[in-house]
Amino acid sequence: MLLCGLCMKQNNMADEIKTFKVTIDNITIDVAPGTTILNAARKIGGDVTPPAMCYYSKLEGSGGKCRTCLVEVAAGSTADPRPMPKLVASCRTTVMDGMVVKNMTSEKVTDARNGVVEFLLINHPLDCPICDQAGECHLQDLGYEHGKEGTRYKFARRTFVKEDIGPYIQLHMTRCILCYRCTYVADQITDKRIHGVVDRGDHAAISTYISKAISNDFSGNMIDVCPVGALTDKTFRFKNRVWFTKPVDAHRNCENPKCCGKATLWLRGDEVFRVTARKDEWGEVQSFDGKTGWICNTCRFDKKKTSDWTIDGLTTISRHSVIGTNKYKTLTVPEETVQKVMHGLNPKLIMDIHSVSEVNNQDIHLSNLNRPAQAADFSKSGQHASVSRETNPGVKQLKDEK
Amino acid sequence: MSRKLLLEKAHVEGIRHFDVYRREGGYRSVEKALQMAPADIVEEVKKSGLRGRGGAGFPTGMKWSFLAKPEGIPRYLVCNADESEPGTFKDRYLMEFIPHILIEGMVVSAYALGSNKNYIYIRGEYAWIADILEAAIDEARNNGFLGKNIRGSGFDCEIYVQRGAGAYICGEETALLESLEGKRGNPRIKPPFPAVKGLWDCPTVVNNVETLAAVVPIINEGGESYSKIGVGKSTGTKLISACGNINKPGIYEIDMTITVEEFIYSDEYCGGIPNGKRLKACIPGGSSVPILPANLLLTTAKGEKRLMNYESLSDGGFATGTMMGSGGFIVLDEDQCIVKNTYTLARFYRHESCGQCSPCREGTGWMEKILKNIDEGKGAMSDIDLLWDIQRKIEGNTICPLGDAAAWPVAAAIRHFRDEFEWHVKNPELCLTKNYGLAHYADPIHVPVTA
């Protein structure tokens, strides 16, 4: 009996240790062992999630390079609660049970991250006004959140000799931040790797060896993984700014068995300006049925007619971008809590504010005014919608006092 | 005269060749080791207190005991002979003149670790030494100390020499492994450490040339007696590559009990500074360790004489101390300019950064440009603080220690020689023709008296 009891207890324990508890910025979450700190933070979402420029969950071996996702580990685990001596790259550090991580609550992290952003920007051309990536550039977002006005860098920015890598992809090496994502695409998605990093240090460059054109069927996915404007779509170059186009989800039955056929079309009217893979809220290509939705070059570059596609509907783009307005979903609508606290009852109208106040008159259309609304605009007595500032009674009174 | 363990027979004629080496008592340790259990050899090395001679000074026995030993998966021993640290040339000497001591040490270590295939990753510029090692390996194989079933023990051991292609970064152990696998020499992100996932994802130990050579006297004399040489946790002997403004540059084997002062001025070692010049500063452990002014070099902040060993050199932390590093002892006399020296080092690290992670890739270049400006009399006062801020943001935030190695020399130069930097900024024309000189850098340090 005793033995049996012990066995049961052990079995129970084995069942219990399925997830690890990790606390990130005072928010505790249960995740599977082997999850990285970054992915745990993405589950929580919001400001708790460190930015990541080089990590790409769909590309094996990526991450650890850009150092923007550095976090402080205040306690290693329940078993060994010592803090880690250095900041760690959250994208490549797996969680331990009872780990305590500080991201935005750590001054050290903010300081280091600001430093990394400065390093990334000192040699970046900052040619956003003429860069096709503007508006969906991760470095732009990062600079907006962590960068400083002005630069301390007094020297000429690094430039590279332009290299032509074929008819579909434009390589702008000066904008590259060497995240290595595109080389992983070449390694893992395309059949034959003809793309890599040459040279080293601050003169390291991505390149196709001996200027070979990238003719592989899936090479276009390099454009989608590039966080900056180093690799852009030649068929879309200078055609439009992304925020003027309307993204819609669409699909087609692609002949290529490896192509997922699900894409985002970027429309202006009925014209397809650009085709990209569908991306999630972290800017990564979405997965469908456990498979990453890479698309082939035919879908991306050649199918530029709406008749080629079946349109599924508007794309909801959840981005934290500087210009992520209009079509972009930027906020989640807060939950309605009145009914909840009133146990399902509807609130009762006690008093209509309009019966005692002149403001908030629903008959006045604020959009008809060419200026901010003033108290006089709501006055019930007169049609003061056209009153000018000089005749505003309040202003007049002030003048009289002088 | 201290005891020599590695260089004892260095001057015997023909010691490069097997016959002479064997006659002088070579390969005794292999014969002895093959009679022992591998675990006992690891235990001897642990007892000896041997610390890694490549620069970090990590206890070798402990490193060996971390090696994962899963069934059916090969383990590898890799010798790091990619000696590229400016100011360090001890491994070159060892491999060029006594190549068999490395091979002997590797066979013993390989037996202790259970590694059948072993690699020497040698710096590309040491082209002729690779040939010397290949010849020595052939001799050892012909005499039954390498190959299948060594001395009838049933242990197979092969050593291969692989030449690097001239990158400093490939001296970092994981970059070395990448390069050895035929890939671009980018350091890996740790963990996993090589002891778990190293060469071709198998458990691997990477040791410096001198570390592996030191295994020979440890096995011959026993770990216990090896640990009695030296002081504290600095056991055994250490090769120092002395260079710079000294009368007798070269390789010296010291037993880590002598003072820095004795090492620089005694005739047995560096023989003082030429032309009657005075000592200004010294980088005692290869270019990446912090530079120290003469006063802090010879005495610690506590007023004690500084000794040539791991603990004493690092006494006071980075505020007033430095590191033993790889033993590249660079002496600067009063005519040397610290700004120019720091610029030269910054240029080196900019050139050698692999470019994988952003702080090092961008920061090293930025530091170099600012230092060049200051050196050429175009600097501003704010540049000194900017340099400090840049190095602070590189240090500790990179994948591999190259970022730290690039940041430390700049930090130490500003910490101890800030007035020389300021003098350069304030005298933009004078600094092109004149030197700041010794100034107060050799003045005795005030030691606060404690009750």
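**Exercise 1. Describe how strands β1 and β5 of chain A pair, and name the residue opposite V22(A).**

Step 1. Strand β1 (residues 20–24) of chain A runs parallel to strand β5 (residues 99–102) of chain A, and 3 bridges join them. Strands and helices here are DSSP runs numbered from the N terminus: E of at least two residues for strands, H or I of at least four for helices. Two strands pair if DSSP finds at least two bridges between them.

Step 2. Opposite V22(A) stands M99(A) in β5(A).

The model is predicted: local features need pLDDT of at least 70 and side-chain atom pairs count only at pLDDT 80 or more, while totals for chains, interfaces and linings use all residues. Residues are numbered from 1 along each chain as its sequence is written, and chains are lettered from A and ligands numbered from 1 in the order in which they are written.

**Exercise 2. Give the strand order of the open sheet in chain A, and state which helices lie across β3.**

Step 1. The order is β2-β1-β5-β3-β4 (chain A), an open sheet of 5 strands with mixed pairing.

Step 2. β2 (27–31) and β4 (88–89) of chain A are the edge strands, each pairing on one side only.

Step 3. Helix α2 (residues 37–44) of chain A lies across β1, β2, β3 (70–75) and β5 of chain A, at about 115° to β2(A). Angles run from 0 to 180 degrees between N-to-C directions, and axes are lines fitted to C-alpha atoms, for helices over the stretch in contact.

Step 4. Helix α3 (residues 107–122) of chain A lies across β3 and β5 of chain A, and runs at about 160° to β3(A).

**Exercise 3. Trace the pairing of β11(A) with β10(A) and with β12(A).**

Step 1. Strand β10 (residues 246–251) of chain A and strand β11 (residues 262–268) of chain A run antiparallel, joined by 6 bridges. K246(A) stands opposite L267(A) in β11(A).

Step 2. β11(A) also pairs with strand β12 (residues 271–277) of chain A, in the antiparallel sense over 6 bridges. Here A263(A) has A277(A) in β12(A) as its bridge partner.

Step 3. The hairpin of β11(A) and β12(A) has 2 residues between the strands, and G269(A) takes a positive phi near 65° in this hairpin.

**Exercise 4. Characterise the packing of α15(B) against α18(B).**

Step 1. Helix α15 (residues 338–352) of chain B packs against helix α18 (residues 402–426) of chain B at an angle of about 160°, with the axes 9 Å apart.

Step 2. Residues making the contact include I338(B), L345(B) and Y349(B) of α15(B), and L402(B), F417(B) and H424(B) of α18(B). Two residues are in contact if their C-beta atoms, placed from the backbone, lie within 7 Å.

Step 3. By class, the contact of α15(B) with α18(B) has 13 nonpolar, 2 polar and 1 charged residues. Ala, Val, Leu, Ile, Met, Phe, Trp, Tyr, Cys and Pro count as nonpolar, Asp, Glu, Lys and Arg as charged, and the others, Gly among them, as polar.

**Exercise 5. Describe the side of chain B that touches chain A.**

Step 1. The contact takes 24 residues from chain B and 26 residues from chain A.

Step 2. On the chain B side, α15, α16 (358–375) and α17 (381–394) each supply at least two residues. The largest share, 8 residues, comes from α16(B).

Step 3. This side of chain B divides into 8 nonpolar, 9 polar and 7 charged residues.
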